Amino acid sequence: MSFRFRGVRPPGVVRNPLMHLYLVLGCCLFVVLALYGLRVITESEAAKQSGADSQRLVHSATQDEEKLVLLITVLSSATVEGAMRRNAIRSSWMKLLPEGAETFFFLGTENIAGEMKESVRESVRTQPDLIQLPGVDDSYTALVDKLLGVLTWAHGHRKFDYLLKADDDTFIRPDLFVSELSSRPSSSLPLYWGFIDGRHTPLKHGQWAEKSYALCDRYIPYAKGGAYVLGSSLTLYIVKNQDLLVRFSSEDVSVGTWLAPLAVERKHDPRFDTEYKSRGCDNRFIATHKQTTTMLIQRYTDLQSYGVLCHREFRKRGSYIYNWNVSPSQCCKRNGMLDRSIP
């Protein structure tokens with residue numbers, strides 16, 4: 001049917017053909033925009049949902065991660081001797097690890113010779129307990145940076161109550177450490193536990209020289225570096241403030257100085273045989289420093305065979321109980337060689 005327009009047009013009919021085109025284009029544009037808006041809203045909601053799912057997964061992984069009582073971090077070296085010590089530890093005191101404890105060895109990655117670097121790479125691939133610290137020089141002069149790298153790694157990869165730092169020539173009793181730490185009240189002050197010295201004068205010459213130490217004529221009391229324990233809140237404090245902390249030559253001196261103004265339980269314990277040379281062998285020791293690979297294995301063998309650390313006890317030098325009631329210079333008077341009352 002056709003219409004001949006005379007006066008009034010039938011409703012809905014447009015005389016100008018261009019108007020038809022405008023109406024069609026307008027309808028198409030409306031449909032496109034509506035569909036695009038729907039697609040955008042859908043993708044936005046999907047992104048939000050995906051993000052929420054990811055957050056739940058991360059949160060779940062963090063919550064489900066088992067919290068260690070004790071994380072044991074061993075400073076080792078990228079040398080043949082270092083590899084031998086790590087293997088000796090794996091064959092000795094690491095077999096004593098109880099539930100709630102885990103051990104890792106740490107190496108710097110800088111200035112390693114070509115052949116040794118490839119050997120280290122292969123060891124890292126085959127030994128999951130061996131951790132490389134990028135950008136850290138694997139030398140004594142960089143021990144403070146190495147320690148900071150260890151603490152940073154620890155808080156990025158594990159949840160723990162306490163961290164034990166040890167050298168790779170130290171024999172420790174992880175079973176006894178976990179037993180004592182597990183029974184410690186959670187309301188206690190953060191723990192700094194080791195063989196503490198407060199009378200040592202800063203060295204000005206030699207490998208351990210502290211030429212920049214001008215805080216006092218003696219080192220601020222610190223736990224000797226063969227092994228010591230730190231509460232997780234203290235290690236986190238060090239990690240968060242590391243850019244502001246002065247790095248002294250010695251890692252153990254640095255830690256003692258960094259913690260000096262904090263409210264800390266400084267626990268001196270003569271069962272830590274962790275000075276620059278061993279005091280001998282005492283069955284009460286829970287950590288003993290300056291052990292050869294043979295001695296590391298022997299300590300473990302004696303424990304398995306005789307139930308004691310030392311099949312034959314002996315003493316090379318005296319020990320002491322720290323006196324907190326006097327000035328640090330008077331704190332630490334050693335007992336005689338024949339006095340066995342103190343480990």
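**Entry 1: helix pair**

A crossing of helices is called left-handed if the near helix is turned anticlockwise from the far one by less than a right angle, and right-handed if clockwise. I wanted that wording at hand before looking at α4 and α6, whose crossing is left-handed.

This is a predicted model, so I kept in mind that local features need pLDDT of at least 70 and side-chain atom pairs count only at pLDDT 80 or more, while totals for chains, interfaces and linings use all residues. Residues are numbered from 1 along each chain as its sequence is written, and side-chain values use heavy atoms, with hydrogens and water left out.

Two packed helices are described by the angle between their axes and the distance between the axes. I looked up both: the axes of α4 (residues 143–157) and α6 (residues 232–240) come within 9 Å and cross at roughly 115°. The axes are lines fitted to C-alpha atoms, for helices over the stretch in contact, and the angles run from 0 to 180 degrees between N-to-C directions. Helices are DSSP runs (H or I, at least four residues), strands likewise (E, at least two), numbered from the N terminus.

Next I listed who touches whom, contact being heavy atoms within 4.5 Å. From α4 I noted Leu 148, Leu 151, Thr 152 and His 155; from α6, Ser 232, Thr 235, Leu 236, Ile 238 and Val 239. I sorted these into five nonpolar, four polar and no charged. In that sorting, Ala, Val, Leu, Ile, Met, Phe, Trp, Tyr, Cys and Pro count as nonpolar, Asp, Glu, Lys and Arg as charged, and the others, Gly among them, as polar.

**Entry 2: salt bridges**

I searched the whole structure and got 26 salt bridges (a side-chain nitrogen of Lys or Arg within 4 Å of a carboxyl oxygen of Asp or Glu).

One of them pairs Asp 129 with Arg 90, closest N and O atoms 2.9 Å apart. Asp 129 sits in the loop between α3 (114–126) and β3 (130–137) and Arg 90 in helix α2 (residues 80–90), so the pair ties together parts 39 residues apart in sequence. I checked burial too (buried is under 20% relative accessible area, exposed over 50%, partly exposed in between, with a 1.4 Å probe and protein chains only). Asp 129 is buried at 12%, and Arg 90 is buried at 18%.

Lys 165 and Asp 167 make another salt bridge, at 2.7 Å between the closest N and O atoms. Lys 165 is buried at 1% and Asp 167 is buried at 19%.

For Asp 282 and Arg 284 I noted 3.0 Å, N to O. Asp 282 is buried at 2%, whereas Arg 284 is partly exposed at 33%. I also wrote down a network in which salt bridges with shared partners join Asp 273, Glu 275, Arg 279, Arg 317 and Arg 334.

**Entry 3: cysteines**

How many disulfides does the structure hold? I found two, taking a disulfide as a pair of cysteine sulfur atoms within 2.5 Å.

Cys 281 is joined to Cys 310, S to S 1.9 Å. The S-S torsion of Cys 281 and Cys 310 is about -90°, so this disulfide is left-handed. The pair links distant parts of the chain, 29 residues apart: Cys 281 is in strand β12 (residues 280–281), Cys 310 in the loop between α8 (293–306) and β14 (314–315). Cys 281 is buried at 1%, and Cys 310 is buried at 2%.

Cys 331 and Cys 332 form a disulfide too, with sulfurs 2.0 Å apart.
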